Amino acid sequence: MDAERSGAEPRWSARWARSSGRALLVLVLLVAGTLAGLPGRAAAATLPPGFVVLDLPSGQDEALTDFAFAPDGSWFTTGKNGRVAWVSADGRPRTLAELPVVTVQDLGLTGLAVPADYATSRRIFTARTLLVDDRWTMRLSSWAVTGAPEPTGLADERVIWDLETWADVHTMTALVPDPDGSLWVSIGDAADFRYVDERALVALDVDDGRGKVLHVLPDGRGVASNPYYDPADPYSWRSRVYASGFRSPFRMSLDPTSGAPVLGDVGWYTWEEVDLVRPGASYGWPCWEGESPTPGYADLAACQGVTQSSPLYTYEHGPAGTSISGGIVYTGESYPEAYRGAYFFGDYASGRVYTLRYDAQGDLVRAPETDGFGVDNGLPVAFQAGPNGDVVYADIGGSVLKRLVYVPGNRAPTASATLSTDPATGTVTFDGTASSDLDGEELTHDWEFGDGTRATGARVVHTYPPGEGTYTARLTVTDPLGATGTRTMQVVPSNGAPVVSLTAPPADRLFAVGETVSATATATDREDGALPVTWSVVLVHCSGGYCHDHPGESSTGGSFSRPFDDHGDQTQVQIVASAQDSSGVRVQQTFVAEPRLRTLTVEASTPSAITVNGVARASVPITAGATVSVIAPTVATDGVATFERWSDGAARARTLTMPDQDLVLGADYLTPIGRRYATDPRVRAVLGSPLSPEAGDAELRHQVYSGGRMYWSPRAGAHEVHGAVLGTYLAEGGALRHGEPLTDELTAPDGIGRYNHFAGGTSVYWSPATGAHQVGGAIRGVWSGMGWERSIHGYPRGSERSTPNGRGRYNDFQDGGVYWLPGVGARSVHGAIYLTWARFGWEAGRLGFPITDENGTPDGVGRYNHFEGGSVYWTPGTGAQQVEGAIRARWAALGWETSYLGYPTSDEYPVPGGRRSDFQGGSITWDAATGRVTESRG
């Protein structure tokens with residue numbers, strides 16, 4: 001229920017007008033019918049045509065927090081400071097109880113519910129924070145309402161549960177009665193917002209009540225239909241949990257069609273959200289905020305892999321607001337059709353009311369109004385439906401209820417008035433300029449001073465007769481169509497204001513967290529003599545261009561003493577000493593305790609989004625003594641370098657107390673290349689010292705050293721290349737052509753050569769006899785299939801090249817070569833067959849490219865390669881001989897070497913009139929004139 005971040009003001013305060021000095025004297029006259037002393041807003045109130053806001057009394061004189069209607073049209077209200085009040089249907093307020101509460105910052109009496117059976121049970125529920133065994137404790141209670149027919153008090157408290165809260169925000173806020181008699185409850189994560197507090201992770205734990213929406217029976221047992229209900233332990237948190245993963249689920253209602261809870265979850269730094277809550281769903285906090293991972297928390301190990309259910313609607317911190325108040329679906333019939341079935345909700349910090357629509361499937365069908373449904377009509381912190389269905393909300397700033405009424409046509413203006421008195425002369429200055437008209441029409445102002453005289457004008461001055469009289473003054477404002485609004489106030493012209501004397505620390509005194517802020521004050525009044533002094537505290541937090549307040553505890557007495565508190569980043573504490581006389585004149589003086597700021601700087605060896613208290617920043621002023629969370633993300637912004645260590649050896653996600661001096665923290669990040677180099681002595685010895693910074697991106701990186709290079713990619717890891725292998729690799733196109741290395745330079749299995757394999761399907765092999773050469777693709781596949789350098793080919797004598805005729809590609813090896821041709825693939829040729837093929841002009845000769853590897857003949861004696869234009873056959877006794885054309889065809893028809901001819905003993909050679917090949921068993925002759933082929937024996 002906080003609003004700590006990005007300028008949101010806290011739930012329990014009106015906007016504070018900051019003074020330019022260290023102390024501020026304020027004279028406030030409390031008058032009937034006005035809320036003097038509350039800061040005004042610069043903007044005029046707005047509502048859609050036909051709508052007006054009617055004020056209803058709350059029975060609270062400060063910090064109205066919640067309210068609920070009874071069946072007879074009366075209503076109950078709660079105040080932050082513990083007051084429970086009842087207001088009759090005709091507007092008569094009565095205090096029922098002053099409950100003990102803790103009022104530090106956002107703690108206090110925060111929730112109220114009137115159950116469906118109130119008419120017979122005469123019981124209500126409250127949610128508050130109090131001290132139990134010296135610990136801040138969230139308590140859900142049921143109370144008997146005494147008195148009949150009108151309530152007069154509370155009795156018979158039944159404690160349903162106590163739950164510790166670790167921080168001064170994010171407590172139990174929403175109590176929603178279900179028509180079936182059960183109760184819905186929302187509880188915040190109870191964690192500290194000033195820094196990344198790992199205790200917030202309990203919001204994801206269904207065995208803990210914090211950060212949850214709960215559905216329970218009036219005695220605290222879980223409802224049996226809950227998703228985690230345990231029949232063996234119905235009072236367990238697991239049995240009570242309906243949904244999880246909430247930060248500060250502030251106000252909740254039930255969808256009138258589905259019965260599903262709808263709530264507003266207050267964000268941290270960036271997003272506010274409306275959630276249509278589904279059973280068993282997790283809404284992701286603290287790992288998620290809105291639809292995005294939460295900076296700082298998302299880097300925690302416990303958040304890895306955590307998912308979330310999407311909010312119904314989110315809005316970013318800014319003009320729209322920074323502190324959502326969940327609302328209700330309008331089910332009445334008096335509003336225009338456009339608003340029937342719309343969800344009305346608010347934002348406390350921006351003072352706006354919004355509407356949106358969602359369908360039966362829970363999908364948003366109309367986003368909220370850009371500038372709000374209504375603006376500057378109070379600070380909304382709770383919504384309910386009035387007896388006739390009208391939307392009613394609690395204005396914490398004015399401590400009144402606001403009822404939205406639709407009255408088509410001209411709307412009556414609103415009269416607002418303040419006054420100041422000069423008791424020496426009885427002269428009173430009246431100011432009605434804050435009066436307004438929702439239709440934007442010019443107003444006339446008529447003043448009745450209560451002594452039989454009157455005047456007109458927005459500002460008037462009137463001198464009352466001498467004496468101690470009390471007068472009732474009335475302002476009436478009238479629009480051009482005759483509609484009027486009035487405001488009355490009591491005036492005591494002769495009453496002197498109290499005098500408050502404040503002794504505070506010197507203006508230049510700055511405070512660290514925990515240091516004592518002390519002051520003394522006295523108050524006297526001309527008519528009443530000595531008056532008691534009341535002390536109150538407002539903690540003001542500024543961050544991201546916004547300032548907001550957190551009113552705290554109050555006390556009485558001549559002295560004040562409290563430790564200086566922290567609220568994250570820059571914080572000041574405003575201490576107000578005030579006194580009020582018997583005529584209602586209050587004087588207050590304010591002393592501002594400023595923080596002693598020190599600068600925290602974080603430096604990363606590789607640019608990285610290091611978060612300080614959840615915000616990525618390199619330098620930030622922090623109050624000395626404040627708790628600070630600093631989290632270095634696992635991966636730097638380059639997507640490659642990973643966290644190695646802090647300069648002082650602390651854990652990656654760390655919490656520290658800000659010292660009373662500037663502090664610089666260094667974070668070392670190492671890329672895989674850097675980490676390999678730093679941790680592998682062999683690599684350092686091979687590569688030598690770096691010659692240039694690491695270069696590249698998240699897909700491929702490299703660094704140049706005096707003795708070689710190191711490359712990295714996600715698929716290959718980090719590997720070095722050096723020496724002649726590196727030279728050939730770079731000369732053959734390097735990573736652009738061959739990809740990054742898949743290995744370091746390794747010794748070949750034969751113990752002679754060296755090599756690197758590369759991601760592009762290539763390798764570079766080196767031997768003392770051949771130097772370093774590249775082999776790739778299909779040629780590499782054939783060579784590797786034969787046994788790499790241990791094959792008959794040995795090491796490559798050259799890198800892969802195009803053949804001179806441009807038709808294919810090849811690699812020469814120590815013995816033979818591997819040739820590749822489109823449509824054929826890569827084929828191995830070596831030994832005597834290779835030399836014979838060479839005699840015929842390689843691939844450019846009559847034989848062309850090989851179309852087979854060298855194979856053994858079926859009889860197991862010889863070897864052969866087939867080529868595009870013929871074949872070469874070899875045996876130990878005949879050597880390697882070429883055979884082609886029609887002669888080869890006749891030999892093949894006879895059965896190749898298994899025929900009576902056996903193996904060729906000569907290449908094909910010319911004879912008169914044709915060509916001839918000799919074989920072991922005879923010859924084959926081709927006649928050029930006739931094309932006839934004949935064979936002969938012997």
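**Stop 1: the second largest pocket**

Select six strands: β3 (64-69), β7 (109-113), β11 (172-177), β15 (249-254), β21 (324-329) and β26 (380-385). Each of them supplies at least two residues of the lining of the second largest pocket. This is a predicted model, so keep the confidence colouring to hand.

Next, show the whole lining, which comes to 26 residues. How do they divide by type? There are 21 nonpolar, 4 polar and 1 charged. The volume of this pocket is about 730 Å³.

Now zoom to its centre. Pick V114, V176, P177, Q384 and A385, the lining residues that lie nearest to that point. Two of these picks fall within listed strands: V176 and P177 sit in the range of β11 (172-177). Q384 and A385 fall in the range of β26 (380-385).

**Stop 2**

Select A382 and look across: opposite stands A394 in β27.

**Stop 3**

Move on to residues 418-422, which are β29. This strand belongs to an open sheet of 3 strands in the order β29-β30-β33, and the pairing is again antiparallel. The edge strands are β29 and β33 (459-463), each pairing on one side only. Neighbouring strands of this sheet are turned by 15° against each other on average, direction ignored.

Where does D422 find its bridge partner? Pick T427 in β30.

**Stop 3: colour by pLDDT**

Colour the whole protein by confidence. The mean pLDDT is 92, and 94% of the residues reach 70 or more. Then select residues 1-42. Here pLDDT stays under 50. For this stretch the model has 180 contacts beyond four places in sequence. Where pLDDT is low, the predicted coordinates should not be read in detail.

Conventions
Residues are numbered from 1 along each chain as its sequence is written. This is a predicted model: local features need pLDDT of at least 70, side-chain atom pairs count only at pLDDT 80 or more; totals for chains, interfaces and linings use all residues. Side-chain values use heavy atoms; hydrogens and water are left out. On a 1 Å grid over the protein atoms alone, a cavity is a set of points where a 1.4 Å probe fits but cannot get out, and a pocket is an open set with protein on both sides within 12 Å along at least five of seven lines; lining residues have an atom within 4 Å of a point. Grid points are joined across faces, edges and corners, and a volume is the space filled by probe spheres set on the points. Helices (H or I, at least four residues) and strands (E, at least two) are DSSP runs, numbered from the N terminus. Ala, Val, Leu, Ile, Met, Phe, Trp, Tyr, Cys and Pro count as nonpolar, Asp, Glu, Lys and Arg as charged, and the others, Gly among them, as polar. pLDDT is the predictor's confidence in each residue, from 0 to 100. Contact means heavy atoms within 4.5 Å. Two strands pair if DSSP finds at least two bridges between them. Axes are lines fitted to C-alpha atoms, for helices over the stretch in contact, and angles run from 0 to 180 degrees between N-to-C directions.
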